[in-house]
2 protein chains.
Amino acid sequence: MSLAPVLDRIDRDLPESLERLMGLLRIPSISTDPAFKEDCARAADWLVEDLKGLGFEAASVPTPGHPMVVAQGGTGGRHLLFYGHYDVQPVDPLNLWHRDPFDPEIQDTPKGKVIRARGAADDKGQLMTFLEALRAWKTVNGTLPCRLTIFLEGEEESGSPSLIPFMQEHAAELKADLALICDTGLHEDRVPAITTMLRGLLGEEITITGPAMDLHSGGYGGAAINPIRVLSKILAGLQDENGRIQVPGFYDDVDELPEAIRAQWQALSFDHAKFLGDVGLSVPAGEKDRTPLEMLWSRPTAEVNGIWGGYTGAGFKTVLPSEAHAKVSFRLVSRQDPDKLRAAFRDWVRGQLPADCKVEFHGHGNSPAGVMEISDPAFEAARGALTEEWGVPAAYVGCGGSIPIAGYFKTYLGMDAMLIGFGRDDDLIHSPNEKYDVECFHKGIRSWARVLDRIAKG
Amino acid sequence: MSLAPVLDRIDRDLPESLERLMGLLRIPSISTDPAFKEDCARAADWLVEDLKGLGFEAASVPTPGHPMVVAQGGTGGRHLLFYGHYDVQPVDPLNLWHRDPFDPEIQDTPKGKVIRARGAADDKGQLMTFLEALRAWKTVNGTLPCRLTIFLEGEEESGSPSLIPFMQEHAAELKADLALICDTGLHEDRVPAITTMLRGLLGEEITITGPAMDLHSGGYGGAAINPIRVLSKILAGLQDENGRIQVPGFYDDVDELPEAIRAQWQALSFDHAKFLGDVGLSVPAGEKDRTPLEMLWSRPTAEVNGIWGGYTGAGFKTVLPSEAHAKVSFRLVSRQDPDKLRAAFRDWVRGQLPADCKVEFHGHGNSPAGVMEISDPAFEAARGALTEEWGVPAAYVGCGGSIPIAGYFKTYLGMDAMLIGFGRDDDLIHSPNEKYDVECFHKGIRSWARVLDRIAKG
């Protein structure tokens with residue numbers, strides 16, 4: 001089995017690979033909207049058929065939500081699990097799309113050819129890079145590269161309600177030596193990247209109540225406590241003047257970045273000025289002694305995602321409101337425990353409540369950070385393969401966002417995960433006019449062929 | 001002309017008087033919301049018709065905003081002007097109302113009968129006490145008690161943008177010997193009161209902008225400035241730990257209360273515990289060294305009346321918003337100059353803006369405090385009349401709210417004003433389920449008949 005004919009095959013079959021992707025993109029598998037339930041099932045069936053064509057035993061397995069696609073195939077070597085998701089984000093506001101989001105098209109742009117459609121990058125285009133690599137491999141070699149489990153979810157864009165129960169119930173089928181996940185991006189559009197640090201997330205909604213009812217600020221202003229003032233004071237105190245979060249114990253389980261990784265990140269020569277400049281900013285707002293890349297990839301944060309209270313309509317109303325609300329989220333890193341920090345945050349808020357005020361909490365997201373175990377030689381092997389394909393040294397990077405699946409694989413299946421993806425920052429995922437560069441799709445397929453060539457033998 | 005038959009007539013006609021009030025309450029004349037423009041005009045027309053029925057020459061006079069109702073009637077005696085407002089506050093949050101705010105009803109409550117509707121107390125019920133007193137007077141005596149000008153505004157709840165230009169343009173029609181204003185309350189639900197100190201008002205809307213667009217808090221959280229955090233910090237710093245407002249120069253023109261007035265207020269034996277307890281509170285929240293009555297009647301305040309930014313819907317969205325907003329108001333006393341303090345507040349906010357943030361201001365209300373000239377013998381005459389009707393010595397009191405009209409009458413028409421009203425603290429004005437006690441409405445009508453009987457002859 002040799003790699004060169006597989007890569008040749010990938011190059012020659014690119015038009016057919018694109019046609020297949022467009023077939024999947026035509027299915028409007030919006031998981032959050034019940035109106036598209038049948039379409040989600042159709043997308044799962046489409047993938048089952050495609051996997052059967054590759055020699056997998058594949059099935060669309062029902063859940064209380066949308067089905068999971070689970071397929072088993074190949075023998076020998078290392079047992080790898082591949083994860084992707086076939087569901088997509090809603091398309092509103094539809095009027096901002098330049099064409100039907102589910103009528104995909106290859107378009108020429110000043111930066112090259114793109115596949116334009118909802119899901120082109122997130123995650124149908126990405127998951128198909130892996131299946132197309134397998135197809136070329138099978139065509140050339142007659143077999144799959146090793147024992148493979150394919151696991152494709154249909155609820156990633158709607159909070160994955162069925163995921164953990166499903167993984168617990170099907171642990172025996174899903175457990176492999178290593179998970180491969182294709183739902184991330186290149187670093188700065190050109191550097192192939194393996195994401196080894198993902199931040200966790202802790203979400204809280206706070207409601208502070210003062211007076212028993214809304215009051216007239218003339219009749220009570222001054223004498224009656226104003227819950228907006230109380231809330232503002234608490235939120236203002238979340239960080240000190242150096243950007244350090246003030247919840248007691250917040251940094252207890254935050255590890256400092258290993259020197260090797262810090263050095264690698266510095267070598268990326270990330271353009272901090274451009275990163276901030278692109279969104280109209282010039283000064284990093286977080287911890288004083290950290291670079292923005294560190295802030296985003298390796299440091300925890302506290303953000304207020306929403307605030308409301310009193311009169312917020314047109315004009316003015318001299319109300320002294322009974323309640324004030326905020327949605328607060330924390331991005332977590334290292335060994336920070338969401339449950340422990342949720343309790344610490346609530347205690348910290350309660351400790352600042354003046355007399356006559358009450359607070360209620362409502363918990364939202366809750367996922368620990370993911371820190372990948374890169375001592376597995378597969379990581380260095382994959383890094384070499386990616387470097388070869390892209391002609392630029394591949395990097396271990398962090399990710400400011402939360403991709404909880406990696407942590408779930410560790411927690412529920414005892415399996416490490418390697419996140420490799422080919423998205424670009426301008427892919428407009430979750431936005432109107434989503435696209436995936438044909439170059440990313442093509443080189444993504446070639447990348448997986450190279451990675452599998454190096455790691456499949458175990 | 002004798003008083004007793006007028007009072008009898010008022011008692012007998014109470015059911016009809018209530019019916020008329022309910023007709024006015026059915027008109028949703030919310031002045032701050034442009035959607036209710038036609039309704040404001042309808043309320044003005046309703047009053048014009050009612051005044052014509054009392055023998056007035058009355059008209060709804062257009063302004064750039066909502067119309068003014070101006071009526072002239074009666075002859076001889078002292079020329080009195082009566083002022084009220086026919087517009088009402090918005091009704092949100094609508095879900096806290098137990099019935100349609102514009103479908104008034106007489107309800108039995110443990111504390112007696114109430115008229116339940118938006119505007120029942122503020123100010124439709126109150127202004128109708130005066131018109132009903134005139135109606136009974138006219139029915140019994142065949143004439144109005146003296147020369148009268150009626151002046152009813154439709155923009156009181158939205159900052160009165162047309163008021164000053166209108167008064168300047170129509171000064172000749174509006175100028176009288178003394179103005180009577182019915183938009184205040186009883187003291188502690190039972191003591192008839194003439195309000196001689198009113199706080200002024202300064203309203204500001206602040207918009208703080210950070211990033212050029214809404215950002216994903218995973219992709220930017222930590223590194224990008226969050227305008228909600230900036231706004232919270234500014235609002236949290238409005239008062240120090242002793243409740244002192246931190247805008248430089250804020251207290252420069254605040255006079256200490258004269259000893260005589262302080263003594264009278266102490267004699268009122270105001271029940272501070274009950275005042276706060278009625279709205280679910282126990283601890284005064286304002287300046288540490290002041291009683292609640294002083295805080296409300298003679299001290300300036302700063303309040304946040306509304307705040308909003310980011311995602312405020314159901315569930316969670318990890319957005320780092322581009323903008324955050326607040327509506328802030330200051331109650332002013334003594335010689336505090338709204339224009340000077342507006343500039344000082346804006347400078348103070350600008351001085352706290354971090355790099356990369358912008359602020360925009362939008363001015364709302366703007367009125368100085370009012371201090372009445374009580375040497376006119378009409379004041380003592382009215383105090384006697386009120387004492388007779390309510391069986392408790394009437395008092396000169398202060399008012400935490402802003403009724404700028406009294407100051408405007410002095411400034412633009414050279415006319416003193418006497419503020420008499422019959423609202424109670426539990427009327428829920430500006431809140432859901434506003435009401436006006438039938439007893440207040442009834443005795444309010446009787447009170448005006450008595451006051452007019454004493455002061456109309458001049």
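Colleague: How many bridges join β4(B) to β5(B), and which way do the strands run?
Modeller: The two strands run antiparallel, and 5 bridges join them. This is a predicted model, where local features need pLDDT of at least 70, side-chain atom pairs count only at pLDDT 80 or more, and totals for chains, interfaces and linings use all residues. Residues are numbered from 1 along each chain as its sequence is written, chains are lettered from A and ligands numbered from 1 in the order in which they are written, and side-chain values use heavy atoms, with hydrogens and water left out.

Colleague: What counts as a strand, and what counts as a pair?
Modeller: Strands (E, at least two residues) and helices (H or I, at least four) are DSSP runs, numbered from the N terminus. Two strands pair if DSSP finds at least two bridges between them.

Colleague: Which residue stands opposite Gln107(B), and how many residues lie between the two strands?
Modeller: Val114(B) in β5(B) stands opposite Gln107(B). β4(B) and β5(B) form a hairpin, with 2 residues between them.

Colleague: What is the strand order in that sheet?
Modeller: The order is β4-β5-β18 in chain B, an open sheet of 3 strands with antiparallel pairing. β4 (105-109) and β18 (435-437) of chain B are the edge strands, as each pairs on one side only. On average, neighbouring strands of this sheet are turned by 35 degrees against each other, direction ignored.

Colleague: Which helix packs on the sheet?
Modeller: Helix α15 (residues 438-455) of chain B does, touching β4, β5 and β18 of chain B. The direction of α15 makes about 55 degrees with that of β18(B). Contact means heavy atoms within 4.5 Å, and axes are lines fitted to C-alpha atoms, for helices over the stretch in contact, with angles from 0 to 180 degrees between N-to-C directions.

Colleague: How many bridges join β5 to β18(B)?
Modeller: 3 bridges join β5 (residues 112-116) of chain B to β18(B), and the two run antiparallel. Arg116(B) stands opposite Lys435(B) in β18(B).

Colleague: Over to chain A. Is β17 mostly covered or uncovered?
Modeller: Strand β17 (residues 416-420) of chain A is mostly covered, with 5 of its 5 residues buried. Buried means under 20% relative accessible area, exposed over 50%, and partly exposed in between (1.4 Å probe, protein chains only).

Colleague: Which way do the residues of β17(A) point?
Modeller: Asp416(A), Met418(A) and Ile420(A) point one way, while Ala417(A) and Leu419(A) point the other way. In a regular strand the side chains alternate between the two faces of the sheet.

Colleague: Which strands pair with β17(A)?
Modeller: Strand β7 (residues 178-181) of chain A runs parallel to β17(A), joined by 4 bridges. Strand β8 (residues 193-198) of chain A pairs with β17(A) in the antiparallel sense over 2 bridges. Ala179(A) stands opposite Ala417(A), and Ile194(A) has Ile420(A) as its bridge partner.

Colleague: Changing topic, how many aromatic pairs are there over all chains?
Modeller: The structure holds 40 of them. Rings of Phe, Tyr and Trp (its six-membered ring) pair if their centres lie within 6.5 Å; planes under 30 degrees apart count as stacked, over 60 as edge-to-face and the rest as tilted.

Colleague: Why is the pair of Phe275(A) and Tyr220(B) called stacked?
Modeller: The ring centres of Phe275(A) and Tyr220(B) are 4.6 Å apart and the planes are at 10 degrees, so the pair is stacked. Phe275(A) lies in helix α10 (residues 272-277) of chain A and Tyr220(B) in helix α7 (residues 217-220) of chain B, so the pair joins two chains. Phe275(A) and Tyr220(B) are both buried.

Colleague: And why are Phe250(B) and Tyr251(B) edge-to-face?
Modeller: Their ring centres are 5.3 Å apart with planes at 80 degrees, so the pair is edge-to-face. Phe250(B) counts as buried at 2% relative accessibility, and Tyr251(B) is buried with a relative accessible area of 14%.

Colleague: Last one, where is Thr63(A) found?
Modeller: Thr63(A) is in the loop between β1 (57-61) and β2 (68-73) of chain A. At 15% relative accessibility, Thr63(A) counts as buried. Not counting residues up to four places away in sequence, Thr63(A) touches Met68(A), Glu155(A), Ser162(A) and Phe166(A).
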